[in-house]
There are 4 protein chains.
Amino acid sequence: MTTDYKGLLETIADEVRPLMGQGQVANYIPALARVDPDNFAMALRTIGGDEFAVGPADTRFSIQSISKVFTLTLAMRMVGEALWQRVGRNPSGSAFNSLVQLEYEYGVPRNPFINAGALVVTDSVASHTADPAGLILGFIRHLADQDDLDFDLEVAKSEQENGHRNIALAYFMKSYGNIYNDVEHMLSVYFRQCSIAMSCRELARAFGYLANNGVDARTGESMLSTAETRRVNSLMQSCGMYEAVGEFAYRVGLPGKSGVGGGIVAVVPRRMSICVWSPELDPAGNSLAGVRALELFTSCTGMSIF
Amino acid sequence: MTTDYKGLLETIADEVRPLMGQGQVANYIPALARVDPDNFAMALRTIGGDEFAVGPADTRFSIQSISKVFTLTLAMRMVGEALWQRVGRNPSGSAFNSLVQLEYEYGVPRNPFINAGALVVTDSVASHTADPAGLILGFIRHLADQDDLDFDLEVAKSEQENGHRNIALAYFMKSYGNIYNDVEHMLSVYFRQCSIAMSCRELARAFGYLANNGVDARTGESMLSTAETRRVNSLMQSCGMYEAVGEFAYRVGLPGKSGVGGGIVAVVPRRMSICVWSPELDPAGNSLAGVRALELFTSCTGMSIF
Amino acid sequence: MTTDYKGLLETIADEVRPLMGQGQVANYIPALARVDPDNFAMALRTIGGDEFAVGPADTRFSIQSISKVFTLTLAMRMVGEALWQRVGRNPSGSAFNSLVQLEYEYGVPRNPFINAGALVVTDSVASHTADPAGLILGFIRHLADQDDLDFDLEVAKSEQENGHRNIALAYFMKSYGNIYNDVEHMLSVYFRQCSIAMSCRELARAFGYLANNGVDARTGESMLSTAETRRVNSLMQSCGMYEAVGEFAYRVGLPGKSGVGGGIVAVVPRRMSICVWSPELDPAGNSLAGVRALELFTSCTGMSIF
Amino acid sequence: MTTDYKGLLETIADEVRPLMGQGQVANYIPALARVDPDNFAMALRTIGGDEFAVGPADTRFSIQSISKVFTLTLAMRMVGEALWQRVGRNPSGSAFNSLVQLEYEYGVPRNPFINAGALVVTDSVASHTADPAGLILGFIRHLADQDDLDFDLEVAKSEQENGHRNIALAYFMKSYGNIYNDVEHMLSVYFRQCSIAMSCRELARAFGYLANNGVDARTGESMLSTAETRRVNSLMQSCGMYEAVGEFAYRVGLPGKSGVGGGIVAVVPRRMSICVWSPELDPAGNSLAGVRALELFTSCTGMSIF
């Protein structure tokens, strides 16, 4: 049976159209605030390599926290199990309260998707190369099969100037000995990794290995073992959507990771990867139309993991 | 294709045999400590109604925290959405620290599977009937299709005598107005619900609706909506295994709920429910052989949700 | 030079009169809410034995938390240094947050004047006698030289019925092994000790030893050593006025302990003890006119310890 | 009656001599670790202007946290009551846990003597002048009547390089909007203020106004009002000695402020100011011989405020 994904995506796009104007574009830095709020795009790619899209699925946007999945994968490849001595792997949520937790757990963040954890992950990558930002960018270019992906240095600079809390987290973990590199250097890598711009189509492609037991179906290359892939997916499932993980599990029921740029990438294990983008956010910081689109998707296809 | 589940279960039973003696039976109350530690049983039931088992799968044991799933289901049926004003539904983990969290969130527990949350759920059931313990028992008997299930009053009494922390939690939430009934009354219901004894076969059967979008396949009766079922499964997936949710997701990759009696029930959405029992616990309080058995199961069948 | 304390107290009484009606009588239990809000009385007693008073200084009121000072003294006499293994003695305030602190410090309260600490102190007294409430009452009668002091059992009963948070604290500490006696028994002692009714004159007299290096000037009996007296006074100074210790130090500058019945007892080391009573409380739970009266007192006499 | 303070100080110096070698010099930065551990000096100055000293009372050492008292005084003079909207003034201890507290109280530190609070105080001074470090130094030179006091820039530089936690605190409060100036700039002021070197005699003199209701007895100049002086003294009394405020109140019973350089300054209100210096610290970070010396002092003179 051939599913008419193209038709489904178009139906979804129509359905979410009325949501435009009901959310709020991230505006803590001008570079993000400038985006056209009305955008809606969605792309999916099956592990067999078929791609379907709707809307401006080739328009790039700031991936922001979605980058944490790539850096985590890279760090797992480079550092292996040792990574988990510096960052927790219990999917215990987008964290009731990260700094309190950090203090009581002596500078070891709960998981790699809260900011403190992502900083440690970036730091661990930074320990293995002179140009960690370049390495991360190269890895993402490779996954997306797209050589012209790049940082948005204006975004990175703005993030750095407004990132007092991230700077505080980094120095705080440094005081516990859990940041090995120079804090400024590590942060400059982190802010650049978040600033990378990608399109829905590129992100769906780049996430393909997580839908395929860790194997990049295009090349046959194994990015992560099956067990490690399960780890990343389960961490996304319970920590990938900020404070709304519960709502997302209930309404969508897929592992996913969102960014304040309005992107969400979701994984249907052993089937496909999906990316949706719409810049207006709900109060939890997730794309308003994006969550709704994914809800419609699993509702129509029955593809929830639950 | 017919999967040889019978053979698989026997292989698993052989594989986990060497683990006997490596865990520790719960010994905080004598009634639990008396169990024969060497037991290992496993039962699965497909949504089509086929049952397969190995070991003493008809021997009953204390279900303990597994009961929280039944009471939650009952409360969702009785109270509906209003339940979630009194208990969180964000699958944010087996809780970094429940009492701290309770204090900062004014007596509203994070989720229904931490003890504070389970107490609120029991309290909400208790508000709707003169005999809440009887109602809960009746519901479980109905789900398991077994009329002779019963409380173990010796276990319940021991739990109550040693349950200072649960008593503290209850009075603390009462001070915030989040326990409506008399605390002693509510606790006596709670300790009885945890003391119910069931076998692997009975538990696998009783969990069938969670593998079947909320519908009891035997009777066609809808216990929960599809969305509500997803909610329960996702909560189990991220809060069902105490501090080991991350490890369980990584190694097993199924929604599951364990109890200190050594039982674990897991759900393969739209396929089957599985119960395993072995009294010796690992340091996190989950059945040592049980977790390993489920790991072998998903490893051999590829049935992880991730 | 003879100070005209009588005239000073009358001046103070006139000065605070306009404050009547601006505070709020404690109303969480009816027995406390019934008091006439307009009362204002003040009594002081020098270590030489001179007494001065103004207003209804012989009218008894519910001493509430003021009782914690007596029970602490009794416990220090009975248990000695061992007491401080069960309750902290760092005057670190009316506690940013007692339950959080309790959890992280494994059931050991920060100091004997927060409720958790006072419960431990009462529990330690209860371990040494079959009738701890009687012992506490007897000790206070002895200090006040007044044999007809008694519990107000209606107040005690109301407190118990509304004391969910205190019950929670007690069971919580019990779960850490820091309450030795039966919780219900200990609490019934605690609620009775708080319900004792005393007058300003009686309280000023009963606190005399704290103004006299631990010696009861009437009898020459040593209640506490000089160092222990310093300990109690410094604990009162930094934990005796709920959240308002800072304001009290700034405005008054004396060690003091207040109760929600509207009483405040203050100590001028090596000079005198003072009790003031006015039932209307400020938002921090301290007597509104009482704090002002003490401020006028130290302002006029220069007797602040700072 | 003339007290033989000179003889008393000599007796005290003899008494504490055996403690040499039992503590540990602060060694987190080399510049502090280099000091000769065997030093012991003590100086007192009455409000009448008499000075007594023993040991190398003219040898300068790093004042470290003692500087917080000066900066607080300066900020109270410059900012007035508005200061207390940015930093708490409840003497609630050397802080159960400053970062937790900061997070729950939205970036407002509990008091001006914990590090977070001292950073805010320095920041508030920095908002009123182009050269805040110079202003602070000038103020201290004026109080000590000593024009050659200066920063130890090697110490300041080392502190900055090792001050990750302070940097974290500063950025964290910045993220709440409670640091107004550039963080690097503010920190450079803070680390310099802590590095100032002073002798016992100079510190006793410089603290004279706190023993004299806010008035510098040498010049008649009012540094703080009587009420503000009481505020500072009470804050020192309950937050001035790190985790050992309780022990210090019990053993010494005077408002005091210590620094990791081994200095402690104490105030006997309306009588005298005292400075003691001995570099070896006890586990709480206070001078081991210094605390003992002050204990002997109040024990012999009966000058405890309690």
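These questions and answers take up a predicted model and the terms used to describe it.

Residues are numbered from 1 along each chain as its sequence is written, and chains are lettered from A and ligands numbered from 1 in the order in which they are written. Because the model is predicted, local features need pLDDT of at least 70 and side-chain atom pairs count only at pLDDT 80 or more, while totals for chains, interfaces and linings use all residues.

Q: What confidence does the predictor give chain A and the complex?
A: pLDDT is the predictor's confidence in each residue, from 0 to 100. Chain A has a mean of 93. In chain A, 96% of residues reach 70 or more. For the complex, the ipTM is 0.87 and the pTM is 0.89.

Q: What makes a residue buried, and what percentage of chain A counts as buried?
A: A buried residue has 20 or more other C-beta atoms within 10 Å of its own; 12 or fewer makes it exposed, and in between it is partly exposed, with C-beta atoms placed from the backbone. By that test, 60% of the 306 residues of chain A are buried.

Q: Why is strand S2 of chain C described as largely enclosed?
A: S2(C) covers residues 41-46, and six of the six are buried, so the strand is largely enclosed by the rest of the structure. C:Ala41, C:Ala43 and C:Arg45 point one way, and C:Met42, C:Leu44 and C:Thr46 the other; all are buried.

Q: How do you know which strands pair with S2(C)?
A: Pairing requires at least two bridges found by DSSP between two strands. S2(C) has six bridges to S10(C), residues 272-277, and these two run antiparallel. Here C:Met42 stands opposite C:Val276. S2(C) has four bridges to S3(C), residues 51-54, also antiparallel. There C:Ala43 has C:Ala53 as its bridge partner. S2(C) and S3(C) form a hairpin with four residues between them, and C:Gly49 in the turn has a positive phi of about 105°.

Q: What makes up the side of chain B that touches chain A?
A: Contact means C-beta atoms, placed from the backbone, within 7 Å. On that basis, 25 residues of chain B contact 25 residues of chain A. H11(B) (226-239) and H12(B) (245-251) each supply at least two residues of this side. H11(B) gives the most, with six.

Q: How do you know that chains A and B are related by a two-fold axis?
A: Copies are superposed by least squares on the C-alpha atoms of residues with pLDDT of at least 70 in both. Chain B falls on chain A by a rotation of 180° with 0.0 Å of shift along the axis, at an RMSD of 0.0 Å. That is the relation of a two-fold axis.

Q: Why are chains A and B said to meet through the same surface?
A: 100% of the interface residues of chain B are also interface residues in chain A, so the copies meet through the same surface.

Conventions. Contact = placed C-beta atoms within 7 Å.
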